[in-house]
Amino acid sequence: MTTREKYVIVTAAGSGTRMGASMPKQFLNLGEKPVLRHTLEAFFAAIPQIHAVVVLSAQMKEYWRNLCYTQKFYKPQTFVEGGLTRFHSIKNALKQIPDDAVVAVHDGVRPLISPKLIQRLFDLAEQYEGVVPCLSSSDTLRCLAKFEEGWLYDSQSESLPAREQIFGMQTPQIFDARLLKAAYSLPYEDSFTDDASVVQTYLSKNPEEKSRVCYVPGEKFNLKLTTPDDMLLAEAILSLISK
């Protein structure tokens with residue numbers, strides 16, 4: 001059986017305003033390396049021949065190119081300019097992906113993913129058209145509605161979700177490239193918060209499509225860096241796993 005080429009689209013075009021830093025969080029140092037470098041190194045460690053497509057804002061593309069040069073990080077990367085939303089950024093990046101490839105989409109600010117998980121997801125992608133890592137919720141969940149001045153109140157407009165049926169989605173989400181491109185041909189919707197939501201919407205609109213999406217356990221340490229507290233936690237985790 002011929003092994004398909006493997007690609008990863010790494011989203012790194014966000015401004016990261018919630019981090020409150022002077023530059024986007026994907027370029028901040030985690031330990032001695034930028035967050036984005038940690039992320040890319042995990043994929044090259046897992047799949048040495050993987051093709052990396054990095055989505056960057058127009059103003060940070062040259063900055064990242066120069067940073068890779070000064071740090072002697074010479075892994076091959078294709079740069080793509082980000083779009084208005086994550087959806088449009090991925091749509092731009094998919095133009096670089098062959099139809100017969102298998103493609104992962106990963107948040108550039110999830111730097112602590114293990115090469116072991118990446119390998120496992122790509123292995124499963126030989127059996128399924130889509131593979132998505134996720135984590136079950138350990139918290140009690142409740143639907144709340146916004147009130148004035150930041151207060152919340154209990155909302156009975158929806159039934160309370162059962163905790164055992166609620167999962168948090170992670171990345172990388174891996175798909176047959178043909179399927180992902182077809183899904184991203186849909187018009188944009190606000191409900192498209194990750195690639196799986198785009199694919200599942202496409203499949204619901206095309207019942208003749210027999211593609212299967214498999215949801216599998218992710219990793220606790222595969223956290224998305226959003227706030228300063230996340231950076232502190234990531235620093236602590238990195239110091240532990242580096243020992």
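On one side of helix α4, Lys116 and Asp123 are exposed, where exposed means over 50% relative accessible area, buried means under 20%, and partly exposed lies in between (1.4 Å probe, protein chains only). Helices (H or I, at least four residues) and strands (E, at least two) are DSSP runs, numbered from the N terminus. The model is predicted, and for that reason local features need pLDDT of at least 70 and side-chain atom pairs count only at pLDDT 80 or more, while totals for chains, interfaces and linings use all residues. Residues are numbered from 1 along each chain as its sequence is written, and side-chain values use heavy atoms, with hydrogens and water left out.

Helix α4 spans residues 115–124, and its buried residues are Leu117, Ile118, Leu121, Phe122 and Leu124. These five cover an arc of only 160° around the axis, which puts them on the same side of α4; the arc is taken from the directions that run from the helix axis to the C-beta atoms. The buried residues of α4 pack against α1 (35–46) and against the strands β1 (6–12), β6 (102–107), β7 (130–136), β11 (173–176) and β12 (213–217).

Turning to the whole chain, seven helices and twelve strands make up its secondary structure. Of its 243 residues, 48% are buried. Among contacts (heavy atoms within 4.5 Å) between residues at least 6 apart in sequence, 72% join residues at least 24 apart.

Rings of Phe, Tyr and Trp (its six-membered ring) pair if their centres lie within 6.5 Å; planes under 30 degrees apart count as stacked, over 60 as edge-to-face and the rest as tilted. The structure holds six such pairs. One of them, Phe87 with Phe192, is stacked, at 5.5 Å centre to centre and 20° between the planes. Phe87 belongs to helix α3 (residues 86–93) and Phe192 to the loop between α5 (177–183) and α6 (195–205), so the pair ties together parts that are 105 residues apart in sequence. Both residues of this pair, Phe87 and Phe192, are buried. Together with Tyr184 and Tyr188, Phe87 and Phe192 form one aromatic cluster.

Two backbone details complete the picture. Most residues other than glycine have a negative phi, and most peptide bonds are trans. The peptide bond from Thr171 to Pro172, however, is cis, with omega near 10°, and Pro172 is placed in the loop between β10 (167–169) and β11. Lys72 has a positive phi, near 60°, and lies in the loop between α2 (61–70) and β5 (77–81).
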